[in-house]
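Work through the exercises below with the sequence and the model in view. Try each task before reading its solution.

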Amino acid sequence: MGNVVNRVFDSSGPEGKVRGTPQQIIDKYNQLARDSQLSGDRVATENFQQHAEHYLRLLSVAQKEQEVRREEQERHNRERQAERDRERAHRQEREANGGDLADAPQPDFAQPDVPDVDNGLVETPESQSEAPPPKPKRQRKPKKTAEDAAPVVESGEEPPEAAE
């Protein structure tokens with residue numbers, strides 16, 4: 001319903017519309033009740049008093065709700081301040097102990113165990129934990145020379161003649 005205390009109402013009373021905040025309407029109906037009492041109209045007096053009582057109850061409930069919210073907010077603020085004070089005292093205690101971080105809780109940066117899965121990523125030198133040993137080099141055969149290309153003739157045989 002919003003903030004009833006400051007809300008503007010239109011009250012349709014026996015004398016026509018009365019407009020204002022609940023407190024203004026209460027004051028107006030009480031004034032009308034006094035005026036009708038002075039003129040001797042007991043029925044109108046009672047009617048105005050009932051209208052004033054309605055807005056008085058409405059205002060009373062709204063003020064109680066505001067008080068409960070205010071107390072709850074104050075309690076919450078006290079709790080937050082107490083937490084800040086505890087943190088400040090703890091921080092000062094750590095600093096007084098030489099800033100020893102061994103007592104302070106350390107964040108856990110451990111990586112979860114992930115099974116080796118071929119995920120299509122390319123291996124990079126940085127991702128390899130150990131470089132594989134280099135492969136041994138093969139010995140090359142010496143190049144053949146013109147003498148090596150000539151057919152080998154065993155002793156007692158004649159070398160074949162070249163084709164013309």
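**Exercise 1: contacts of one residue**

Task: Which residues is I25 in contact with, leaving aside its neighbours within four places in sequence?

Solution. Contact means heavy atoms within 4.5 Å. By this criterion, and with those neighbours left out, I25 is in contact with F9, S11, V18, R19, G20 and Y55.

The model is predicted: local features need pLDDT of at least 70, side-chain atom pairs count only at pLDDT 80 or more, and totals for chains, interfaces and linings use all residues. Residues are numbered from 1 along each chain as its sequence is written, and side-chain values use heavy atoms, with hydrogens and water left out.

**Exercise 2: two helices**

Task: Describe how α1 and α2 pack.

Solution. Step 1: helices here are DSSP runs (H or I, at least four residues), numbered from the N terminus. Helix α1 covers residues 22–38 and helix α2 residues 42–96.

Step 2: their axes, lines fitted to C-alpha atoms over the stretch in contact, are 8 Å apart at an angle of about 160 degrees. Therefore α1 is roughly antiparallel to α2 (angles over 145 degrees count as such).

Step 3: residues of α1 including I25, I26 and Y29 meet residues of α2, among them F48, A52 and Y55.

**Exercise 3: burial of T21**

Task: Is T21 buried or exposed?

Solution. Buried means under 20% relative accessible area, exposed over 50%, and partly exposed in between, with a 1.4 Å probe and protein chains only. T21 counts as buried because its relative accessibility is 17%. T21 lies in the loop between β2 (16–20) and α1. Not counting residues up to four places away in sequence, T21 touches V5, N6, R7 and V8.

Definitions and conventions
Axes are lines fitted to C-alpha atoms, for helices over the stretch in contact, and angles run from 0 to 180 degrees between N-to-C directions. Angles under 35 degrees count as roughly parallel, over 145 as roughly antiparallel, 65 to 115 as roughly perpendicular and the rest as oblique.
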